[in-house]
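The report below goes through the pockets, the nonpolar core, the aromatic pairs and some backbone details of one model. Please keep the structure in view while reading.

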Amino acid sequence: MDRVVVCYLAVSLDGMIADSGGGVAWMEGEEKSYRGDYGYSAFLDTVDTIVMGRNTYHQLVTKLVPDKWVYEERLTYVMTHHAMEEREGVSARDGSVRDLIRELKAKEGKHIWICGGADVINQCIREDVIDLYRVLPVILGTGVPLFRSDLPSRLLHLKQINRENGAAELIYERRIL
């Protein structure tokens, strides 16, 4: 089976991936007491490799889950031009995200998750390496934008809609012409 590159993230209907303070507490559905995970665990079972940017990595290890690495059973590549302290299973990569994806797809494995942030996702869109887009929308009004205005057009095919706790996850597949 070919490895699939998946962009899986929560993005507001107005295109934000975080609130104006960089927070993600808005990723809730209608009921605050709801304890489901919107298919996240099932998705994570399909992934053995994660690609993210330095800002996303920094937010994970300093704010969201500073006590332990949450993806310890998966290889993680952090795209950065800066020196960073690596940990087991986490490697810093400087260079082309396209080259990294090509290298990863040549190896056996499960899906490859493009975890964030906006700069890495925009590079992946520009290089046309994302096979599947999974998004969970909400409206924020202001925040950290996902899409840059200079991106090329991409045709996507709606593959699936999942509904849970008042939220809809839209799964789009890259159309190959």
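## Pockets, core and aromatic contacts

The largest pocket has a lining of 47 residues, and Val24, Thr56, Gln59, Cys115 and Gly116 are those that lie nearest its centre. A pocket is found on a 1 Å grid over the protein atoms alone, as an open set of points where a 1.4 Å probe fits, with protein on both sides within 12 Å along at least five of seven lines, and its lining residues have an atom within 4 Å of a point. The model is predicted, so that local features need pLDDT of at least 70 and side-chain atom pairs count only at pLDDT 80 or more, whereas totals for chains, interfaces and linings use all residues. Residues are numbered from 1 along each chain as its sequence is written, and side-chain values use heavy atoms, with hydrogens and water left out.

Two or more lining residues of the largest pocket come from each of β1 (5-10), β2 (16-18), α2 (54-64), β6, α4 (118-127) and β7 (132-136), where helices (H or I, at least four residues) and strands (E, at least two) are DSSP runs numbered from the N terminus. Helix α2 provides the largest share of this lining, with 9 residues. The second largest pocket is lined by 17 residues, of which Tyr133, Val135, Leu146, Phe147 and Leu156 lie nearest its centre, and the elements that give two or more residues to its lining are β1 and β7. In the class counts, Ala, Val, Leu, Ile, Met, Phe, Trp, Tyr, Cys and Pro are nonpolar, Asp, Glu, Lys and Arg are charged, and the others, Gly among them, are polar.

| Pocket | Volume | Lining by class |
|---|---|---|
| Largest pocket | about 1,300 Å³ | 23 nonpolar, 15 polar and 9 charged residues |
| Second largest pocket | about 300 Å³ | 14 nonpolar, 2 polar and 1 charged residues |

The largest nonpolar core holds 25 residues, among which Leu9, Val51, Ile101 and Ile114 touch the most other members. Such a core is a set of buried Ala, Val, Leu, Ile, Met, Phe, Trp, Tyr and Cys residues joined through side-chain atoms within 4.5 Å. Two or more of its residues come from each of β1, β4 (75-79), α3 (97-105), β6, α4 and β7, and α4 gives the most to this core, with 5 residues.

A search of the whole structure finds 9 aromatic pairs, a pair being rings of Phe, Tyr and Trp (its six-membered ring) with centres within 6.5 Å, counted as stacked if the planes are under 30 degrees apart, as edge-to-face if over 60 and as tilted for the rest. The pair of tyrosine 40 and tryptophan 113 is edge-to-face, because the ring centres are 6.1 Å apart and the planes stand at 70°. Since tyrosine 40 belongs to helix α1 (residues 40-44) and tryptophan 113 to strand β6 (residues 111-116), this pair ties together parts that are 73 residues apart in sequence. Tyrosine 40 is partly exposed, with a relative accessible area of 25%, whereas tryptophan 113 counts as buried at 4% relative accessibility; buried means under 20%, exposed over 50% and partly exposed in between (1.4 Å probe, protein chains only). Tryptophan 69 and tyrosine 71 also form an edge-to-face pair, with ring centres 5.6 Å apart and planes at 85°. Tryptophan 69 is buried at 5% relative accessibility, and tyrosine 71 is buried at 7%.

Some backbone details complete the account. The peptide bond from glycine 116 to glycine 117 is cis, with omega near 0°, and glycine 117 is placed in the loop between β6 and α4. Tyrosine 38, in the loop between β2 and α1, has a positive phi of about 60° although it is not a glycine, and this residue is buried, with a relative accessible area of 14%. Aspartate 128, in the loop between α4 and β7, likewise has a positive phi, near 55°, but is partly exposed, with a relative accessible area of 29%.

Methods:
Points joined across faces, edges and corners; volume = space filled by probe spheres on them.
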